[in-house]
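Work through the exercises below with the sequence and the structure at hand. Each task is followed by its solution.

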Amino acid sequence: MSAFEAAAEHGRELPDRRYTPERAASGLVSKRVIVGYGFWIFLLSDIVMFSAFFAAYAVLVDATAGGPSGRELFNLRNVAIETACLLLSSFTCGLASIGARTHRGSWFYGAMAATCILGVAFLFIEVREFASMVTQGAGPTRSAFLSAFFTLVGCHGLHVTAGLLWLLTMMAQVFAKGYRADILRRVLCFGLFWHTLDIIWVAIFTVVYLMGAGR
Amino acid sequence: MSDSGQQREPYYADTAPGYEHFDDHEPAEAVGSYLVGLGLATLLTVVSFFISGTTLVWGPSIPVALIVLAIAQMGVHLVFFLNITTGPDNVNNIMALAFGVLIVLLLLAGSLWIMANLNHNMMPMDQIMRMQR
């Protein structure tokens, strides 16, 4: 017997469950919260995918097949510059989201442009590092360790590339359509995506580069 | 009915379609939060890079220290950049995060554990070669 029926039997006053606009309004969460939640679920699934790559890397890190190890390949100065680029871009991305919410064009476009430049700098350094490794004969086909390395770090690089395309799209959409609610929600999702990439980079520079160079 | 239908519209327009006023903190406060996050993350990153190359601490403790610093920095990013807090409208986000962390830990620890076991129990390579002959 449900609580509802029990209440009816004892002649108590039934709870009013009729639909009213007031009730609907108080029960609904704003669409921004719902969209953010849904996108957060996607980001967590992306993190789970990355953790599989991390597990593969950690298992294969010693399988160098006589080839070069991380200690010989990694240049920590480059990694430090990459880290600084990504961390600063995360900060400017936060500024851009504030600029979007407060409808301040100069903040939004300036901070988005700074984020874009820092992201491009990060990608440039990473591609240069990959190219120099391949020319040294340490490409992804050299050993299981290098396959896992290129998969993990390359997958992050692809995410950053996609993020940069998304960034430019958001700048164009705000420019063309203004600070509409749906556009602002997309800006929110972009911000979450970009910050998550930085979180994954924290794991990469720790596990791959710092622990690899000290090995 | 038509009357209540007309009444319903403004409520929906206010909440469900996601029309937002700027209901967060003041912009200055929000920038301050990002600045604190940037400062903490920079500090943790610098310490990570410093500790990885130093001989000041006992060698085997370095990987552990690096992992602890990385987890701390992820926490800083979550709180100050992604704004995952313990507020009431964030309960679902926290639950999803907890589930994600559980899956990540199972995946990492499980893979490393099983593969270490297999490595340990595997016949040495030269014996395998001899058996295949």
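Angles under 35 degrees count as roughly parallel, over 145 as roughly antiparallel, 65 to 115 as roughly perpendicular and the rest as oblique. The model is predicted, so local features need pLDDT of at least 70 and side-chain atom pairs pLDDT 80 or more, while totals for chains, interfaces and linings use all residues. Residues are numbered from 1 along each chain, and chains are lettered from A in the order in which they are written.

**Exercise 1.** Classify the packing of α2(B) against α3(B).

Step 1. Helices are DSSP runs of H or I with at least four residues, strands runs of E with at least two, numbered from the N terminus. Here α2 of chain B covers residues 27-53 and α3 of chain B residues 61-81.

Step 2. Axes are lines fitted to C-alpha atoms over the stretch in contact, with angles from 0 to 180 degrees between N-to-C directions. The two axes come within 9 Å and cross at roughly 170°.

Step 3. α2(B) and α3(B) are therefore roughly antiparallel.

Step 4. By class (Ala, Val, Leu, Ile, Met, Phe, Trp, Tyr, Cys and Pro nonpolar; Asp, Glu, Lys and Arg charged; the others, Gly among them, polar), their contact has 16 nonpolar, 7 polar and no charged residues.

**Exercise 2.** Describe the contact of chain B with chain A.

Step 1. With contact meaning C-beta atoms, placed from the backbone, within 7 Å, chain B gives 46 residues and chain A 45.

Step 2. On the side of chain B, α4(B) gives the most, with 12 residues.

Step 3. That side divides into 28 nonpolar, 13 polar and 5 charged residues.

Technical notes. Two residues are in contact if their C-beta atoms, placed from the backbone, lie within 7 Å.
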